[in-house]
Amino acid sequence: DHRDLHSFPTRRSSDLQQGEHNFALDLLQSAESLISEGGASSQSLESLKGLTYNNLGCYFRREGMPMEALKWLRQAHDIEQRVGQDSSRSSTFLNLCAVYSLLGKHLEALQCATQALKHLKAVLQQNPDASLSATVPGTEKVDTASMLAIAYHNIAVEQEYLARFDEAVGSYRKALEVAETQCGSGSQLAAKIRLALADRKSVV
């Protein structure tokens, strides 16, 4: 299913990648307790708190608990909005998109994917060589260009759900253009998007 790309940007810790979910949850909850006790008085502590909440949201999404995931991701979003971090906000918006889509809230999912795209473009405009790969690791390298392609892809998926099929084709094409140019035409990401575009065009 080409909608599986929703999961690409959400693998935020190596423990989650390896399926060691209970251990990962213990670590994340311990981190959340320590940060909360610290009062999060500095911007760096606030940023760490946002990252931890984002990780908790990813954990609960993968465990099939989207409402719990949404609670943590909304808190991460609120923190990142306060501290004004474009780099981490793009990842949080993509994670929110995935959760809203799971909940059948496709308009909200589309809005989040669109916001992710906006923040990714802002990061690249400020620094064309910016790399978020350290912030958003995945099973394959997920750098800024990959996230940009994923954002366009997720926009296309939600446009499909909303029966905006012509717009979806355009978004898939943009996703493929970015993936082929930045990640390589033979990359796994480009292949998945190419398949999604072919599927969409076959029913238009």
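Which residues in α6 meet which residues in α7? His106, Ala109, Leu110, Ala113, Thr114, Leu117, Leu120, Lys121 and Leu124 in α6 meet Thr144, Met147, Leu148, Ala151, Tyr152, Asn154, Ile155, Glu158, Gln159 and Tyr161 in α7. Contact here means heavy atoms within 4.5 Å. The residues of this contact divide into 12 nonpolar, 5 polar and 2 charged. Ala, Val, Leu, Ile, Met, Phe, Trp, Tyr, Cys and Pro count as nonpolar, Asp, Glu, Lys and Arg as charged, and the others, Gly among them, as polar.

This is a predicted model, in which local features need pLDDT of at least 70, side-chain atom pairs count only at pLDDT 80 or more, and totals for chains, interfaces and linings use all residues. Residues are numbered from 1 along each chain as its sequence is written, and side-chain values use heavy atoms, with hydrogens and water left out.

**Overall picture**

The protein has 9 helices and 0 strands. Its pattern along the sequence is α-α-α-α-α-α-α-α-α. Helices (H or I, at least four residues) and strands (E, at least two) are DSSP runs, numbered from the N terminus. Of the 204 residues, 51% are buried. Buried means under 20% relative accessible area, exposed over 50%, and partly exposed in between (1.4 Å probe, protein chains only). Among contacts with a separation of 6 or more, 63% join residues 24 or more positions apart.

Two packed helices are described by the angle between their axes and the distance between the axes. Axes are lines fitted to C-alpha atoms, for helices over the stretch in contact, and angles run from 0 to 180 degrees between N-to-C directions.

| Helix pair | Angle | Axis distance |
|---|---|---|
| α6 (residues 106-126) and α7 | roughly 155° | within 9 Å |
| α7 (residues 144-161) and α9 (residues 188-203) | about 20° | 11 Å |

The angle makes α7 roughly parallel to α9. α6 and α7 are instead roughly antiparallel to each other. Angles under 35 degrees count as roughly parallel, over 145 as roughly antiparallel, 65 to 115 as roughly perpendicular and the rest as oblique.

α6 and α7 cross in a left-handed way. α7 also passes α9 in a left-handed crossing. The α7 side of that contact consists of Ser146, Ala149, Ile150, His153 and Glu160, and the α9 side of Leu189, Ile193, Ala196 and Arg200. These residues divide into 5 nonpolar, 2 polar and 2 charged.

Ala163 lies in the loop between α7 and α8 (165-183). Its phi is positive, about 65°, although Ala163 is not a glycine. At 48% relative accessibility, Ala163 counts as partly exposed.

Next comes α8. Its buried residues are Ala168, Val169, Ser171, Tyr172, Ala175, Leu176, Val178 and Ala179. Their cover includes α7 and α9. At 1.5 Å a residue, the 19 residues of α8 should span 27 Å, and the end C-alpha atoms are 26 Å apart, which agrees. The expected span is 1.5 Å times one less than the number of residues. Just after α8, Gly184 takes a positive phi of about 105°.

**Helix α4 and His77**

The 18 residues of α4 (residues 66-83) should span 26 Å at 1.5 Å a residue; the end C-alpha atoms are 25 Å apart, which agrees. Buried residues of α4 include Trp72, Leu73, Ile79 and Val83. His77 is also placed in α4. At 19% relative accessibility, His77 counts as buried. His77 touches Arg89, Thr92, Phe93 and Leu96, not counting residues up to four places away in sequence. Just after α4, Gly84 has a positive phi of about 70°.

How values were computed
A crossing is left-handed if the near helix is turned anticlockwise from the far one by less than a right angle, and right-handed if clockwise.
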